[in-house]
Structure formats: C-alpha cells, structure tokens
Amino acid sequence: MPNFALSLTAARSHIGKRLYQHSLALKSTHTMSAPKKQRTDDYVLYYWPGLPGRGEYIRLALEYAGIPYQEKHQDIMGTLWSPATIGTPPHFAPPALQLPSGRVLSQTPNILNHIAPRCGLAGEWGNKLNTLTEDGRAALRALSDDELEKADEERSAINQLVLTALDWQTETHNIHHPLAISLYYEDQKAEALRAAKIFRDERIPRFFEHFQSVLASNPATEKDAKVYLVGKQTTTADLVLFHVITGVTFQFPKRVAKLKETGKFDNVFKLVERVKGEKGIKEYVASGRRLEFGLGIFRHYEELDGEE
C-alpha cells in the first residue's frame with residue numbers, strides 16, 4: 001500500500017478514536033436535553049423462574065463480580081415484547097438485563113460483552129473499556145491509540161470464545177429436540193437417538209479438542225497452569241465454558257467421563273474446577289441459589305448417553 005494510504009488509514013483511526021473519547025468527555029460534562037430513564041444502582045434480570053437456562057450465564061458474571069441484581073419472572077414475554085413497557089427496540093426472548101441507566105439489553109452474548117469490563121471479565125486490556133463507571137471512563141480517555149486497539153481486540157477475542165461455547169450449548173440442546181422445540185421429546189425420540197449417537201461420536205470430542213487447543217496455546221500461561229482461555233485472569237469465556245461443560249456432563253455423564261479418562265483434555269477439566277473455586281462463584285454455588293439442571297437446555301435421558 002502506498003505511504004499516503006497508510007497515513008490516511010492511520011489518520012482516520014486516530015480521528016475516530018479521539019472523537020469516541022471526546023464523546024465520553026461530553027457525556028460526563030453536559031446534560032442531555034432528551035428525557036432520560038431514571039438511573040439506579042441495580043441490574044434487573046428478566047428470565048424464567050426455576051431453571052438455570054441462558055440466564056445463568058448472566059448470573060455467573062454478576063455473582064463473580066459481586067454486583068447486586070434482582071430478577072423479574074412475571075409476564076416475561078408480555079413485558080419484553082412491549083416497546084411501551086420495556087423501551088425500544090423490543091426483545092425477542094429472555095434473558096434480558098436492565099442496566100443501571102434503565103436501558104434493557106437482550107441476547108446472552110451481547111449482554112455478557114457489554115457488562116464484561118464492568119465485571120472485570122473482559123481481560124487485562126478489555127477491562128479498560130469500562131464505560132459504566134466514572135473511574136472507568138476516565139481510564140478509557142487516557143488510553144493511547146495502540147492501547148485502545150489492544151483492549152478492543154482482546155474483548156472481541158473473548159466474545160469469540162463465548163460464542164463458540166454457546167454454539168456447543170445450542171447443539172447439545174438440539175439433541176433432545178432435533179425437530180422442533182414446540183414438540184415433546186417423546187414426539188421426536190427416534191430422531192433424538194440418531195442425533196445423539198453422532199453428537200457423542202463427533203461433536204463432543206471436537207469441542208473438547210478446540211478448547212484444549214485454546215488453553216494450550218495461550219501465550220500468557222506459557223510457564224503456568226493452562227487453565228485460562230485468554231490472558232491470566234477469569235473472563236466471561238471461562239464462565240460460559242464452565243457452565244456449558246457442567247451442562248454437557250449432566251446430559252451425557254457417561255460420554256464425558258470416558259473422555260476425561262483419556263487424559264487428552266485435562267486442561268479443560270482443570271478450568272472447570274478452577275472456576276468452581278473462584279471467589280464469587282464458590283460462594284454462589286455453596287449458597288444453594290445456583291439452580292439445578294432439569295428440563296431446561298441441558299436434559300439427561302439415559303437412552304441418549306453412551307461411552308462409545
């Protein structure tokens with residue numbers, strides 16, 4: 001690329017970054033003329049009662065950070081579908097999280113990506129993108145161009161792993177409902193049996209292999225235990241993987257036990273144990289408030305499991 005093109009690209013990057021930081025400065029010094037929703041210190045999670053589901057990933061992040069939150073279980077869909085009640089845009093399905101600003105976000109990975117810096121779960125550099133506190137905004141304004149780029153890339157790398165782990169969750173759920181979620185398991189049992197065999201043979205090992213590779217290749221833990229997906233601190237990716245593997249183990253205990261016996265995925269299983277003992281998570285698990293699996297996303301049917 002000619003030098004002038006490089007200069008133009010660099011200039012655009014610099015200008016864009018400075019405009020972004022300038023907007024943060026304006027946010028802290030000027031009052032908007034448009035009406036604002038009432039600000040509180042509370043997060044409110046909209047999700048179904050009685051099961052962990054997709055809402056559990058949000059709970060884990062807030063519990064890890066020690067951030068208080070409430071839950072609302074009544075008239076979930078009526079609330080989330082109504083712009084007059086919930087604001088715009090309306091939401092397709094829970095989980096949804098009301099932020100201290102009053103705005104509501106939905107879609108699990110979107111919520112996690114948004115709150116990760118505030119929860120200290122976006123990585124060493126990604127945590128510097130915290131715009132939800134005044135100290136965080138001040139630190140963000142002080143970042144250089146290179147530091148801002150590094151922080152943004154780390155946050156995105158973590159979100160990439162979150163999305164992959166959630167793909168694993170979706171595939172696992174679809175085993176017991178391979179045709180349609182509106183049908184009972186018994187109405188699609190034959191198809192589930194066929195899907196489960198392929199899933200046990202091919203997909204469960206493939207996901208374990210991928211995350212084992214991520215852990216083994218993390219340069220930040222070259223001389224340490226390989227139990228962090230990104231950097232050397234817990235991120236949303238670690239929490240999501242912890243919950244997914246716990247769910248897969250519940251649904252396919254024989255298959256997971258057999259894979260564990262091989263010793264090929266020791267780092268992955270060590271990550272699960274590490275997260276279980278993390279401050280915030282340990283207390284949450286011990287409190288009894290962490291809901292057990294049952295007839296939610298992860299379901300155990302004996303006939304779908306096998307050692308292979």
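# Pocket and sheet: a quick chat

Visitor: What volume does the second largest pocket have?
Guide: About 430 Å³ for the second largest pocket. Keep in mind that this is a predicted model.

Visitor: Which residues are closest to its centre?
Guide: Trp 48, Arg 54, His 173, Ile 181 and Ile 297. The second largest pocket is lined by 15 residues.

Visitor: And how does the lining divide into nonpolar, polar and charged?
Guide: Nine residues of that lining are nonpolar. Four are polar and two are charged.

Visitor: Switching topic. How many helices and strands are in the chain?
Guide: The protein chain has 13 helices and four strands.

Visitor: What do the four strands form?
Guide: An open sheet, with mixed pairing. The order is S2-S1-S3-S4.

Visitor: Which ones are the edge strands?
Guide: S2, residues 69–72, and S4, residues 104–106. Each of these pairs on one side only. On average, neighbouring strands of the sheet are turned by 25° against each other, ignoring direction.

Visitor: How many bridges join S1 to S2?
Guide: Four, and the two strands run parallel. S1 covers residues 43–46. Within this pair, Leu 45 stands opposite Glu 71 of S2.

Visitor: Which helix lies across S1, S3 and S4?
Guide: Helix H5, residues 108–119. H5 runs at about 125° to S4. Strand S3 is residues 96–98.

Visitor: Back to the whole chain. What percentage of residues is buried?
Guide: Of 308 residues, 46% are buried.

Visitor: And what share of contacts with a separation of 6 or more comes from residues 24 or more positions apart?
Guide: Such residues account for 70% of those contacts in the protein chain.

Methods:
Residues numbered from 1 in each chain as written. Predicted model: local features only at pLDDT ≥ 70, side-chain atom pairs only at ≥ 80, totals over all residues. Heavy atoms only, no water. Pairing = 2+ DSSP bridges. Axes fitted to C-alpha atoms, helices over the stretch in contact; angles between N-to-C directions. Contact = heavy atoms within 4.5 Å. 1 Å grid on protein atoms, 1.4 Å probe; cavity = no way out; pocket = protein on both sides within 12 Å on 5 of 7 lines; lining within 4 Å. Points joined across faces, edges and corners; volume = space filled by probe spheres on them. Nonpolar A, V, L, I, M, F, W, Y, C, P; charged D, E, K, R; others polar. Buried < 20%, exposed > 50% of the residue type's maximum accessible area, 1.4 Å probe, protein only.
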